[in-house]
Amino acid sequence: MNRLLYLFLLCLTLAGCAKAPMNGALDGQWQLLRYETTDGEVRDCRRLYYSIQLQVVELADKGGEGYGTYIGRFAYDEGRAEVVIRELRPRGDEGRLATTDELQPFGLFATDNVLHVVAVDDDHLTLRSDVATLYFRKF
């Protein structure tokens, strides 16, 4: 009987339900530090965050600048080192798509964005579009 109880407890401890990150090191909370446009403009960002999990991205202004929060679709092609962010919608007004003016403070200059993953590790992320290079730190 003790042996059976021991085996049962062993099976319970070995069985895990953790889901592996779908996007590797990209999944998680990232603070946008700054972005640089191709024409040389550098913009420092104050408490702007990207949250990436599975096929969803959330952009959030936590600094009180009034930029809002947006939810959209996220896709990562590891082989091509490309990220696609699209269909961003304002939280609370999901019936409409965000405008480019609303997304610009987050370093996005289009409603559908393709960004090249320049570098990613446990602490830093760099993404580049045709218009800007975005620099993040893990939050």
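1. Basis of the note. The structure is a predicted model, in which local features need pLDDT of at least 70, side-chain atom pairs count only at pLDDT 80 or more, and totals for chains, interfaces and linings use all residues. Residues are numbered from 1 along each chain as its sequence is written, and side-chain values use heavy atoms, with hydrogens and water left out.

2. Overall architecture. Eight strands form a closed barrel in the order β1-β2-β3-β4-β5-β6-β7-β8, with antiparallel pairing. On average, neighbouring strands of this sheet are turned by 35° against each other, direction ignored. Strands here are DSSP runs (E, at least two residues), numbered from the N terminus, and two strands pair if DSSP finds at least two bridges between them. The angles are taken between axes, which are lines fitted to C-alpha atoms; they run from 0 to 180 degrees between N-to-C directions.

3. Strands β3 and β4. Five bridges connect β3 with strand β4 (residues 69-77) in the antiparallel sense. Within this pairing, V56 stands opposite R73 in β4.

4. Residue L54. The loop between β2 (42-53) and β3 (56-61) contains L54. Although L54 is not a glycine, its phi is positive, at about 55°. L54 counts as partly exposed because its relative accessibility is 34%. For these classes, buried means under 20% relative accessible area, exposed means over 50%, and partly exposed lies in between (1.4 Å probe, protein chains only).

5. Residue E87. A positive phi of about 55° is also found at E87, again not a glycine. E87 belongs to strand β5 (residues 82-90), whereas L54 lies in a loop. With 27% relative accessibility, E87 is therefore classed as partly exposed.

6. Strands β5 and β6. The antiparallel strands β5 and β6 (residues 113-120) are joined by four bridges. In this arrangement, E82 stands opposite H116 in β6.

7. Strands β6 and β7. Four bridges also pair β6 with β7 in the antiparallel sense. The two strands form a hairpin with three residues between them. Where does V117 find its bridge partner in β7? The partner of V117 is L127, while V120 is bridged to L125 in β7.

8. Strands β7 and β8. The antiparallel pairing of β7 and β8 extends over five bridges. These strands likewise make a hairpin, with three residues between them. R128 stands opposite T133 in β8.

9. Residue S129. The loop between β7 (124-128) and β8 (132-138) holds S129. Is S129 buried or exposed? S129 counts as buried because its relative accessibility is 16%. A polar atom of the S129 side chain lies 3.1 Å from the backbone nitrogen of V131. For reference, a polar contact is a pair of N or O atoms within 3.5 Å; within protein, one must be able to donate a hydrogen and the other to accept it, and residues adjacent in sequence count only if both atoms are side-chain atoms. Leaving aside neighbours within four places in sequence, S129 is in contact (heavy atoms within 4.5 Å) with V114 and L115.
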